[in-house]
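Hi everyone, thanks for coming. Let me put the structure up on the screen, and then we can walk through a few places in it together.

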Amino acid sequence: MKIPFYRSVFWRMMAAVSFSFLAILSGSFVFLYANVSDSLKERTDEEKVQSFHQLGYNIDTFRREVELLTERLISETALTDMVYIGKESPGTEFSMKAAYFRELGQILEQYQYVESICFYNAEGLVLSMDGRQNIIQGIEQDRGIFYEEKLSQFSSERKSDFGGVKWFGGYTNNDFFPALDEKDETVYYLSACRPMYQRSHLAWIVVNVNLDYFTDIYNSHEKEGVPEELTYIVDAEGKVISHPRREALGMEKDGAWRRDGTDAVYSFEEKGCQVLCYPLTISGWTMINEMPLGTILEDAKGIRITFLATIIVAICLVVFFSVFWVNRLAWPLRETTEALRRMEGGELEIAPLSGGENRDEIGLLVRQFNRMSSRIEGLVEENAAMEKKKREMEIQALKAQFNPHFLYNTLNTVKWMAALKGEEDIVDCLDALGDILRPMYRGSSPFWSLAEEIDYIEDYGRVMRHRYGEQVCLIPEPETETLEASVPKFVLQPLVENAFLYGRKEESISLEIRVGSRQDEDILLLWVADDGEGIEQERLEALRESIRTGEKTAHIGLSNVNGRIRLLYGERYGLAIDSAPGKGFAVTIRIPYREWENEKS
C-alpha cells in the first residue's frame, strides 16, 4: 500500500525543518522587537519625567505667586474690614466697598492672568470684580454655584476645616456670577481660595486664574488641531480640571491612574497609549500625559519591516534547501521503504540496496536491511525447526504428566500390600508420600491457598517423622485470617526441609520447627524457625550474600525460593534470614497479600 504524502517521512522532515526554523526566527524577532519597544518606552518615560520635573517646578512657582497674592489681599485694610461689615461698622459700609474695589482694580491691572476676584463673608455678602464690572450680591440665590458647593458648608465654629489656600478647578465665570447675560463668553477658571478670620468672623477671598493661561504653563500647542500627545491635570477625585480641549473639562478619569498612598511617578499602558502620571503639590492633583504607542514606536517600524522581509526571504530559502537536502539525505530511506513494501507483498528475494556505504544512521539501516534480506530464508527454516521442537516438547510434557500418575498408582498398590501385612508405619508413610505427590500433577496454577500449603508441609512432616522419630516436631501456627491468602505452591517445603537437615548436629538432640504467618497491611509474612544450633555471624553473612546473588550453596533451597519469589513478584520481595549460635535459625518470606479466591477468579 502506498503511503500518502502527508504521512511520508520526507515531507514531514521538510515541514519540521521549515517550521522549526520559522518558529525560531519569529520568536527571536518577537523577543527583539519587544525589547526594542520596552527600551523606547523607558526612554520616553525618562525624557517625560525630566520634562515634567521642570513643568512641576513652573506650576509650583505659579502656585506660590498666586498664594502670595491672596496673602497680600487679606493683609489690605480695606479687605479685612469687609469681614464683619454690616454689623460692627454700619456707617462705613459704602466707603469700605469703594476702597475694596479700588484695590481689586489695581490687582487685575497688575496680574494679567487673574480673571476675577471674589469676596464672601459669613453674613451673606458677596463682592466680585472681573475687570469689566463690580458686582455686589446679597441675595442668597445669587451667590453662585461655587459658594454653594465649596463654602456654604463652613461656619465660624469650624475654622479648622478650611485652613490654608485651597485650589479648585472645573468652574467658570457663570459659577461665580449667576447674573451674567447668556451672550457673555464662558471663561474657565482655576480658583485659589483663602479663608480670612477677624475675631469671631469668617470670610473668604477667591482669586480666579484664567485656565488657558494655566494650561499653557505645562502643555504645548496642538499641531494642526490634533495633538500627538495629551497632557492634562485631574484632581484627587479623578475629575479633569485642566485640559487643552474644553469638552474634556469636568469628565471623570477612569483607569489605573490612581495610586493611593504614593507620590511617586508611575506609568502604564492603556487604550493604545503610554500613560505617565506625575503627582503635583497642589491639593493632591496629578498631571497625566498620554502618548500614542505608535508615536513612541515610530523608530521601531523600520526594524519591524526589515524583519518581516527577512522572514519572507528566509522561508523561501528554507523551503528550497529543505527540499534539496532532505531529499538527498532521505533517498536511501525511501528506497528501503519501497523494498519493505515489496517484502510485505510476499517478495522475499530482494537485491541489496544502495546507500549502505554511508556511515550515518540511514546507512546503518540500509546495511541492516540488506543483512535481514539475505537471511530471510534461513529465518523461515529456523522458524520451522522451532515449531517442530515445540511439538516435541509438548509430547514430552504429556509423558511427564503420565509419570506422576504411574508413580502414585504404584505407591497406592504398595500401601495396600503393607496394610494387608499389618505394617501401619509403612502405610502411614506411603499415605503421606501420596498426599505429597498428588498436588504435583493436579491443577495447572502455580498458586494455591496458604491453608493448602500448610496441609502439604504437614504431610511432608509426617514423612520426616518416620525418618527422624519423635525428637523432631513440626508445629504449624499460622494466623487464621491469613489461611485464605494466595501463596506460590511448595514455597515453604524447601525451608522446612532445610530446618530438618541442618537444624541439629546430633540426632539425640530434640528440635522444634515452627511455621507461622502474619498480615502486615498489604504484605504477607511467612516464616519457618527452629530452635536448633544456629550458625555463626560470618557464615550468616556469607549465606545472605549467596541468597542475594543466587549462588548455589549447601542451602540451595533458600536460593531457589528467593529467586522464585523475585521472579513472581519483583525485587521488593524475597527472603530474610536470621541466626546466632545456640539461638536457632529463622527464615522470613515477604510477598504481597492477595486473597486466594480473587486469585482463582
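First, a term: buried means under 20% relative accessible area, exposed means over 50%, and partly exposed is in between, with a 1.4 Å probe and protein chains only. By that rule, Phe62 and Trp167 are both buried. Please keep in mind that this is a predicted model, where local features need pLDDT of at least 70, side-chain atom pairs count only at pLDDT 80 or more, and totals for chains, interfaces and linings use all residues. Residues are numbered from 1 along each chain as its sequence is written, and side-chain values use heavy atoms, with hydrogens and water left out.

Now the overall picture. The protein chain has 16 helices and 18 strands; these are DSSP runs numbered from the N terminus, helices being H or I with at least four residues and strands E with at least two. Of the 601 residues in the protein chain, 41% are buried.

Back to our two rings. Phe62 and Trp167 form a tilted aromatic pair, 6.5 Å centre to centre with 50° between the planes. Rings of Phe, Tyr and Trp (its six-membered ring) pair if their centres lie within 6.5 Å; planes under 30 degrees apart are stacked, over 60 edge-to-face, and the rest tilted. Why does this pair tie together parts 105 residues apart in sequence? Because Phe62 lies in helix α1 (residues 9-75), while Trp167 lies in strand β4 (residues 166-172). Both rings belong to one aromatic cluster, together with Tyr111, Tyr113, Tyr213, Phe214, Tyr218 and Trp285. A search of the whole structure finds 22 aromatic pairs.

Next, Arg63, also in helix α1. Is Arg63 buried or exposed? Arg63 is buried, at a relative accessible area of 16%. Leaving aside neighbours within four places in sequence, Arg63 is in contact (heavy atoms within 4.5 Å) with Trp167, Thr281 and Ile282. Arg63 and Ile282 are 219 residues apart in sequence, but 7.8 Å apart in space, C-alpha to C-alpha.

Last stop: helix α12 (residues 450-468) and helix α13 (residues 493-502), whose axes come within 10 Å and cross at roughly 25°. Axes here are lines fitted to C-alpha atoms, for helices over the stretch in contact, and angles run from 0 to 180 degrees between N-to-C directions. Where do the two helices meet? Among the residues involved are Tyr456 and Tyr460 in α12, and Val496 and Phe500 in α13.
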